[in-house]
Amino acid sequence: MTRTNNSNIEHSPSHTSSSSSSAVAQPSSTEPKDIINQNELTIQKLLLELQDDLKQTKECYNSSRDAWLSIQQQQKSSTSPNENINSQSSKTNLTQALTNVQNEINMYKTALAKISQVRQLQIEIANVTKNHIDVSRSHTTRRGLADLLSHMAYVLKIWYGSEHSGNCSNKGDVPPPLCGAIPAASNHVCHVGDLIAGFVESDDGDENWILAEVANVHPNKTKYDIVDIDAEPDKGRYYNINKRHVIPLPQWRACPLTCPQALFVRRTIVLALYPQTSCFYKGIVESIPRIGKDSYSIIFEDSSYNSGYSPEFDVPQMFVVAYKDIVPQVAAISDRADKMKMVSKLSTMSIDKSASKIQSAFRKHQARLKLKKQAAWQIHEKLEYSSEQTESKLKDMFEKLIKASGTLSPSVTKLLHKAGLPVEEKELLKLTNPDNIRVETSYRGPRIDGPITRKVFVDLIEAFQRGQILHEKYVCEILHQARAILKTVPNFNHIDLANLQHVFIVGDLHGQLADLLHIFNTNGLPSTDNAYIFNGDFVDRGRNSVEVILLLMVALILYPSSVFLNRGNHEDIMVTVRYGFHNEVNQKYRTRKAPLIDLFKDIFSWLPLYSYVDAGKMKLIVMHGGISDKINLKKLNSLSRNRYVSIEVPPESKSGGKRLTEEEDNEYHQIQDLFWSDPDPRGRKGCRKNDDRKMACFFGSDVTHAFLKKYNLNMIIRSHQAKQDGYEYNHDGKVLTVFSASNYCGGNNWGAVVRWDYNEEEPWISSFKTEGVAMEKLSFSKQVTLFEDPAYHSLIEKIMSNKTLLLKEFLKADTSKTEHLSLTIWADIMSDVLQMDLPWLILRTKLVQEDPKGILYNTMFTDYILDNSKFQMANAGIMEDLYMWKDMLLALFNLIDYNHSGFISRNEFADIIKIILDDENGSGSVNDAYVEELTSAMDFDKNGKIDFNEFLESFRIVNVKKPIIPIKPSNAKDKPNGKLIEHKIRV
């Protein structure tokens with residue numbers, strides 16, 4: 001299966017629109033077919049121009065806003081005694097601001113005029129078709145429909161309130177009809193050209209609310225002739241329907257800040273335009289707009305999903321209307337559009353019409369499959385982010401522990417501070433010196449005898465392909481040579497393509513050796529004339545993180561001038577404790593795990609923070625996560641990066657105090673933003689807290705444009721987020737995300753690699769997928785199951801560790817004691833208790849049973865138990881508490897267990913437990929008996945030490961209805977072989 005390039009002219013940035021579209025086309029031919037084709041060609045050109053107008057409108061808006069802000073700032077900061085100078089300057093700025101506003105108004109007028117032209121041309125096509133139906137003509141208007149609808153929703157006027165009050169909430173100032181959720185007046189009459197939702201029956205019997213345009217208003221004003229804006233070529237487009245079956249679309253957007261009463265409230269049932277269609281379907285408002293340009297988040301009723309609901313989709317205010325029930329069989333399409341009358345459907349149809357109907361059904365099926373894949377991906381992504389929220393809690397906990405170090409035992413205090421300090425150089429060199437490590441005679445893996453050469457590189461690749469593990473002597477040899485190079489590199493890589501000619505940019509690999517080897521096989525091994533940037537997150541998740549990072553280090557040793565490594569958020573030894581790399585090192589190198597962990601920890605701290613690429617015409621910045629409005633490249637370029645051995649543990653203040661100074665704290669947060677930030681998923685402006693990860697921020701397009709302008713850059717290339725196609729553009733094409741781990745975490749995403757050539761203004765993007773299972777041969781439901789399992793496991797853990805709290809809230813809400821709750825109440829409790837913003841209505845079929853009375857909330861806990869075969873506790877809640885704190889306990893345990901022995905003392909661990917309990921309770925007092933029982937329970941053999949790995953092993957979530965069947969491990973599991981799917985596009 002090969003994915004092909006489906007790009008068309010609308011997406012070409014170099015395409016310029018023709019001036020011939022500035023007026024409605026006047027075809028020289030009078031043939032109906034020629035008129036239709038020429039008008040549709042003009043419509044297509046207008047749509048292309050509207051795309052350019054939209055960009056220019058945004059630029060005008062930004063210029064206007066900046067000018068007004070400059071005037072306000074000048075007025076606030078003006079201290080000059082020369083009022084004439086200030087006055088003259090203010091006048092100049094005001095004149096410029098007014099000019100910018102006028103330019104913005106002119107752009108809006110231009111765009112609206114072109115939209116009006118499109119409507120006129122469509123009406124002309126409709127009138128011509130009434131007299132001459134040619135079902136074989138090409139349907140070119142469909143191609144730009146999505147862009148047109150998006151633009152129309154964007155330019156729709158916003159209602160802020162009256163000019164006098166400026167606020168809808170003032171007494172006597174109510175939003176007008178057709179503002180947001182406000183319906184039309186009872187005597188409202190649509191005009192020709194108005195967009196409406198119309199309930200119709202097509203000739204194949206389907207009844208739908210369609211997006212249509214009013215083509216004619218009957219004299220009695222109770223009926224309309226409407227035209228389907230997206231009818232298929234061989235189907236009728238014209239309907240005569242009663243006024244009762246028409247819902248006018250909003251003509252104003254309601255401003256959420258000033259007119260909240262003009263918005264549908266959360267959980268309201270509405271009709272909304274379904275993605276990738278021109279039909280309205282019944283849905284539920286999941287979240288409302290926060291600013292005027294925000295969209296609603298809608299989940300649609302859809303029986304093709306097991307839950308009965310689609311995933312959340314963003315729908316603009318313009319295409320969300322009040323739900324209206326209609327009795328079936330209300331309108332029929334006419335076989336003769338010129339007469340616009342009700343007709344009886346024939347019992348038979350032509351072969352051509354039958355074939356057309358089959359093709360239409362197939363297209364709908366394909367579109368639905370695509371949406372279902374997107375749904376599975378969105379759910380997986382939300383669950384994935386929710387699991388990463390622990391990182392934020394750990395960071396906050398470490399800060400709390402550092403501040404409370406005066407109340408802890410001296411040994412724990414010392415270790416807590418050590419976690420935030422670089423590794424001691426002499427001790428590290430002593431314990432990891434390859435000359436002091438002996439290779440056993442029984443070792444049969446690859447060897448490095450002499451200098452590291454390209455042959456050694458190839459030999460290692462072949463050995464890793466066979467599943468062989470490199471001896472720790474050679475691991476230390478590679479890491480020390482790479483470390484010596486990294487310590488000489490500045491905080492950022494400067495890459496000049498005038499010399500290198502091109503560079504490949506590789507996103508997250510996450511220990512997936514098969515993907516790395518495919519990239520090398522397809523694009524060539526790194527060399528002096530084949531440069532690579534590896535953009536962080538080399539480790540964790542995958543089972544070959546050690547092999548991946550060793551190959552990258554060898555490439556760096558061989559070609560330090562053409563191999564560039566950026567640090568990611570997973571190049572953090574505290575993060576690797578939770579996501580696999582730490583355990584992988586322990587398993588593969590048991591006899592030397594402690595010094596190797598310290599060596600990796602040190603190397604992570606020396607990785608550069610980002611890369612700057614001078615590509616001739618384009619200037620690029622490549623970092624792992626993203627930016628914020630705090631990012632200062634000058635500051636980042638001069639800081640001591642190896643101070644930040646972990647983002648979860650703040651570095652020690654240079655001032656000697658327990659807390660970072662204000663300047664140090666700002667520096668610390670800039671590093672967080674660089675590694676953890678994401679583009680705002682809702683297209684909002686500015687920077688705000690990253691609600692998905694609870695770490696760093698979401699940054700808007702305005703932040704991106706300001707950053708690029710400030711540093712004379714053209715584009716940001718980042719990674720950090722798995723994307724369904726392996727890559728994604730944001731912020732008007734100024735931000736490109738590339739992710740190179742295909743089938744990430746058991747998913748079904750593509751991996752991608754970016755190639756940028758010297759003096760090129762656009763990249764080449766190559767997408768690929770390496771598969772161990774022939775996924776295309778599975779049924780779709782099976783694909784989704786395989787896709788969702790890893791993510792759902794973490795959700796089940798979260799639910800079971802909060803069982804007591806959930807049951808308490810369920811019982812409290814169940815005032816009638818029926819053991820039932822409504823869907824919305826159950827979903828709200830799940831969100832509030834678990835602190836996870838997930839699509840609970842969609843997930844409910846996998847978590848709980850329901851009947852006509854509602855959710856049977858007790859059934860959520862019947863399939864799983866927290867199994868403890870080691871011991872029982874007097875306090876029934878301790879087991880849940882321990883599981884709830886599992887990730888935090890694991891990180892703290894590894895922090896205190898400085899020599900990685902697997903044991904710590906009961907007293908040391910009791911100190912940490914007290915801090916956690918104090919943080920949870922917020923009361924400042926901790927039950928000592930509770931702590932004693934907890935630590936005693938963990939000390940299985942009562943020797944005063946806690947074996948934390950044994951403790952974690954004893955607490956399992958067990959599915960009591962599905963027996964555990966051990967799976968015999970395969971020797972092939974570590975081999976990076978699999979089926980390959982690939983496509984390349986020029987974007």
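## Burial and confidence in a predicted protein chain

Of the 987 residues in the protein chain, 53% are buried (under 20% relative accessible area with a 1.4 Å probe, protein chains only; exposed is over 50%, and partly exposed lies in between). The structure is a predicted model, in which local features need pLDDT of at least 70 and side-chain atom pairs count only at pLDDT 80 or more, while totals for chains, interfaces and linings use all residues. Residues are numbered from 1 along each chain as its sequence is written, and side-chain values use heavy atoms, with hydrogens and water left out.

The protein chain holds 26 helices and 33 strands, taken as DSSP runs (H or I, at least four residues, for helices; E, at least two, for strands) numbered from the N terminus. Contacts are heavy atoms within 4.5 Å; among those between residues at least 6 apart in sequence, 72% join residues at least 24 apart.

The mean pLDDT (the predictor's confidence in each residue, from 0 to 100) is 76, and 67% of residues reach 70 or more.

Helix α21 (residues 840-847) is largely enclosed by the rest of the structure, because 6 of its 8 residues are buried. These are W840, L841, I842, L843, R844 and L847.

Strand β11 (residues 309-315) has 6 of 7 residues buried and is therefore largely enclosed by the rest of the structure. Strand β10 (residues 296-301) runs antiparallel to β11, joined by 5 bridges; pairing requires at least two bridges found by DSSP. Within this pair, Y296 stands opposite V315 of β11.
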